[in-house]
Amino acid sequence: MGNMTAEKAFASFIADLKEQLKEELRAELLAEMPVAPDRTLLFSEALDYLKMSEYTLRRLCREKRIPHRMYGAEGSKNPRYLFSTSRLDTWIREQEEKNYLPRVDEGG
């Protein structure tokens with residue numbers, strides 16, 4: 001029984017090491033990818049960029065769940081939202097990561 005625990009510990013160590021290497025490789029690859037120049041988008045441009053409805057984007061802004069800048073008087077009913085393409089690209093990648101669970105092979 002003690003041997004089985006050592007095997008489990010070793011398997012867990014290898015799994016953690018694989019995950020760490022995967023993250024490091026991912027970070028290196030992302031750093032090497034060509035980066036498009038950052039642009040500022042108006043609300044209407046962001047709708048098109050994100051392929052999103054006006055209702056959804058306004059809700060995400062209100063709930064502070066998407067990176068944006070706001071211009072207009074404090075408490076304005078019609079604030080002006082501006083977006084950074086590089087921040088939106090990062091946000092999109094983060095959303096994709098949250099919605100993806102890599103398959104774990106049970107057999108090993």
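Here is a short walk through this predicted model, one selection at a time.

**Stop 1: helix α1 and its charged pairs**

Start by selecting residues 2–32, which make up helix α1. Now show the side chains of K22 and E19. These two form a salt bridge, with their closest N and O atoms 3.5 Å apart. Why can they reach each other? K22 and E19 sit 3 residues apart in helix α1, so about one helical turn separates them. Colour by accessibility if your viewer lets you: K22 is partly exposed at 40% relative accessible area, and E19 is partly exposed at 40% too.

Next, pick E23 and R26. Their side chains meet in another salt bridge, at 4.0 Å from N to O. The spacing along helix α1 is again 3 residues, which means about one helical turn between E23 and R26. E23 counts as partly exposed, with 39% relative accessibility, and R26 is partly exposed as well, at 31%.

What links E23, R26 and E97? The three are joined in a network of salt bridges.

**Stop 2: a nonpolar patch**

Clear the charged residues and select F10, F13, I14, L17 and L21. Together they form a nonpolar patch on the surface, with about 480 Å² of accessible area. Click on L17, one of the patch members. L17 lies in helix α1, and at 34% relative accessibility L17 counts as partly exposed.

**Stop 3: the buried side of α2**

Move on to helix α2, residues 43–50. Which residues of α2 are buried? They are F43, A46, L47 and L50. Look down the helix axis and you'll see them on the same side of α2, because they cover an arc of only 105 degrees around that axis.

**Stop 4**

Before you click, a bit of background: most residues other than glycine have a negative phi. Now step just past the end of α2 to K51, where phi is positive, at about 55 degrees. K51 is a residue other than glycine. Its place is in the loop between α2 and α3. Is K51 buried or exposed? K51 is exposed, with a relative accessible area of 69%.

Then jump to K64. K64 also has a positive phi of about 55 degrees, although K64 is not a glycine. You'll find K64 in the loop between α3 and β2, the strand at 69–71. With 67% relative accessibility, K64 counts as exposed.

**Stop 5**

E63 is partly exposed, at 40% relative accessibility, and R65 is partly exposed at 46%.

How many salt bridges are there in the whole structure? A search finds 6.

Definitions and conventions:
Residues numbered from 1 in each chain as written. Predicted model: local features only at pLDDT ≥ 70, side-chain atom pairs only at ≥ 80, totals over all residues. Heavy atoms only, no water. Helix = DSSP H or I, 4+ residues; strand = E, 2+ residues; numbered from the N terminus. Buried < 20%, exposed > 50% of the residue type's maximum accessible area, 1.4 Å probe, protein only. Patch = residues over 30% accessible without salt bridge, like charges linked within 9 Å, V, L, I, M, F, W, Y side chains within 5 Å. Areas by Shrake-Rupley, 256 points an atom, 1.4 Å probe, with all protein chains shown as cover. Arc of directions from axis to C-beta.
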